[in-house]
Amino acid sequence: MYMRLARPAFALTGLLVLTLVLLAVAASSGADWINPWHPGDATSAAIYWQLRLPRVLTAFAVGGLLAVAGAWFQVMLQNPLAEPYILGVAGSAASGAVAAAAVFPASAWAMPAGAFAGASLGIAVVGLFASLGPARLLLAGVVLAAFWAAVLALLLTLLPARALGRAFGWMLGDIASSPLSPTLLLAALAVSVLAGLWLSVSLDRLLLGEIQARALGVPVRRLHLGLLLGASAMTAVAVTAAGTIGFVGLVVPHLVRMLIGPMHRWLIPGAALAGGALLVVADTAARTVVAPAELPVGVLTALLGVPVFLFLLVHRR
Amino acid sequence: MNGLAIDGLAVQRGEKLLIGDLRCEATPASVTVILGPNGVGKSTLLQMLAGLLPVAGGQVRWQGRSLDAYARRDWAEAVSWQGAVEYADFGLTVAERLHLAAGIRTGLEADGILQALDVAALMARPLAQLSSGERQRVEVGAAMLRPTPVLLLDEPTAHLDLRHQAACLRLMRRQADAGRVVLAVLHDVVQAAAVADRVVLLYGDGRSEAGPASAMLAPERLAALYGMPMRAIEGGGMLPDFRRTV
């Protein structure tokens, strides 16, 4: 389980180069290979600059946000196999989106606005239980996830059939119809990485458990609140942009930790790069494998993520 | 005034008063050992002193200034604490664990601590793969490496083999001789006799006694404290007489 590379800086540089290459390849891939510097004709250039590149950047930012949020949730909950969606935030966001789509079927902004409201509501509910401590908060999250799944099922049965397709598409993860611009999403990712680096010493000490972290002078309660709000806001932004995409936040920080260790000044940028790269690859596969049709990217990440998760679960002591 | 003063502190568990009105002072360049049966509030007391639990009933002062007046971070700079805590396995190595406690602290003193505890050879190992004794050596080393004037140790010799118990006691003595306040919970009266300048006895019913080691470690006192026959041995000192209790 410990294939730690000797130099995290070296591993991180490698990851950066790999990510850039993947981004370039993904943006050129599709029905036709498009070289951005010699696009051939104006249509190809438009496809590249206005469709593919924004989509690739969106996937990268969303994947990065989910992975960084996952890393925060894992250290906060003292559980290396936790993720944002485990606290029911995805379910509440989906419920909000579907409810809004039912009430305002004509508005293009109904679903994203509903998703953001739903995610925020889910976060507020989780916040009520934040004082329970990590282990019981995790349990509360599992129960809340079941609750939001029930709410969602109820809403879907009430939804007019016409709106069902859109709601389903969004719930399965959909990078293409993000209502948020790639620039905004990349900015959110940059802020979350900088915040993670700023907090990295406290996050590292939290790896020793709450008591030891407090003995080392970390204001644990304040840090927990900040992490919960920050990671949940990141999740809300990611969910608003791309619907529910699971397992990126769970698997990526875990794998990066195995590769370059758990110290957060390396882990946070590493998770952002690897999470982004993973979702770019998954989304590119989703739109090319069965082209011209598209697979829902959330389904792909789940199909990939579940076996990886179970493997990690079995091979941990 | 210049040490760690405990002034009228109390520990309760539910309705039961375990420690009542405890008054004593651990001074720089001395080792104070806390003795008492299981469940009398020894670890709770130590965690209160570390600022990890709210101080009940009285006050804790460091160099005359109350713990309440310190920010979390400032108290942590004065007091280092070692105790049994479980934490999730995130893959930390021994070197990273020590780094989190102490920052990069090198020099003869740090080398001496790590060498005495035989931690140097464990540096690259993941914490999760250590035995409980190896883990304990790392935790004791991490606490001692922190550059704090006060050192609180909760059963530092637990899980250690005899040679490392000896090394741990020798380090406690050396830390005190270097001017630190050393306060430790121990379960072995022989170890206490070897290392302690002062001893605090906790009876678990609110009563406590504090005084010089020679007076506190009298066989009849310890027999009353633990409900165990104690046997004086040649050349001074005493042992719990297990031969009479088996």
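This briefing covers a sheet in chain B, a helix pair in chain A, the contact between the two chains, and one residue of chain A. The model is predicted. In chain B, six strands make an open sheet of mixed pairing. In chain A, helices H2(A) and H10(A) pack with their axes 9 Å apart. The contact between the chains draws 20 residues from chain B and 22 residues from chain A.

**Sheet of chain B**

- The strand order in the open sheet is E6-E7-E8-E3-E9-E10.
- Strands E6 (79-82) and E10 (208-212) of chain B each have a single partner strand, so they stand at the edges, and one side of each lacks a neighbour in the sheet.
- From one strand to the next, the twist averages 15 degrees.
- E6(B) pairs with strand E7 (residues 150-154) of chain B in the parallel sense, over four bridges.
- Within this pair, B:Gln82 is found opposite B:Leu153 of E7(B).
- Helix H5 (residues 132-145) of chain B lies across both E6 and E7 of chain B, and runs at about 175 degrees to E6(B).

**Helix pair of chain A**

- Helix H2 (residues 42-76) and helix H10 (residues 220-242) of chain A pack at an angle of about 155 degrees.
- Angles over 145 degrees count as roughly antiparallel, and H2(A) and H10(A) are therefore roughly antiparallel to each other.
- The two helices, H2(A) and H10(A), cross in the left-handed sense.
- On the H2(A) side, the contact includes A:Leu65, A:Leu66, A:Trp72 and A:Phe73; on the H10(A) side, the residues include A:Leu227, A:Leu228, A:Met234 and A:Val237.
- The contact of H2(A) with H10(A) holds 16 nonpolar residues, four polar and no charged.

- On the side of chain B that touches chain A, the elements giving two or more residues are helix H2 (72-78) and helix H3 (94-102) of chain B.
- H2(B) gives the most to this side, with four residues.
- By residue class, the side of chain B that touches chain A has 13 nonpolar, one polar and six charged residues.

**A:Leu138**

- A:Leu138 belongs to helix H5 (residues 134-158) of chain A.
- A:Leu138 has 17 C-beta neighbours inside 10 Å and therefore counts as partly exposed.
- Apart from neighbours within four places in sequence, the contacts of A:Leu138 are A:Leu77, A:Asn79, A:Ala82 and A:Ile86.
- A:Ala82 is 56 residues from A:Leu138 in sequence, and their C-alpha atoms are 8.2 Å apart.

Notes:
Residues numbered from 1 in each chain as written. Chains lettered and ligands numbered in written order. Predicted model: local features only at pLDDT ≥ 70, side-chain atom pairs only at ≥ 80, totals over all residues. Pairing = 2+ DSSP bridges. Axes fitted to C-alpha atoms, helices over the stretch in contact; angles between N-to-C directions. Contact = placed C-beta atoms within 7 Å. Parallel < 35°, antiparallel > 145°, perpendicular 65-115°, else oblique. Left-handed = near helix turned anticlockwise from the far one by under 90°. Nonpolar A, V, L, I, M, F, W, Y, C, P; charged D, E, K, R; others polar. Buried ≥ 20, exposed ≤ 12 C-beta atoms within 10 Å, placed from the backbone.
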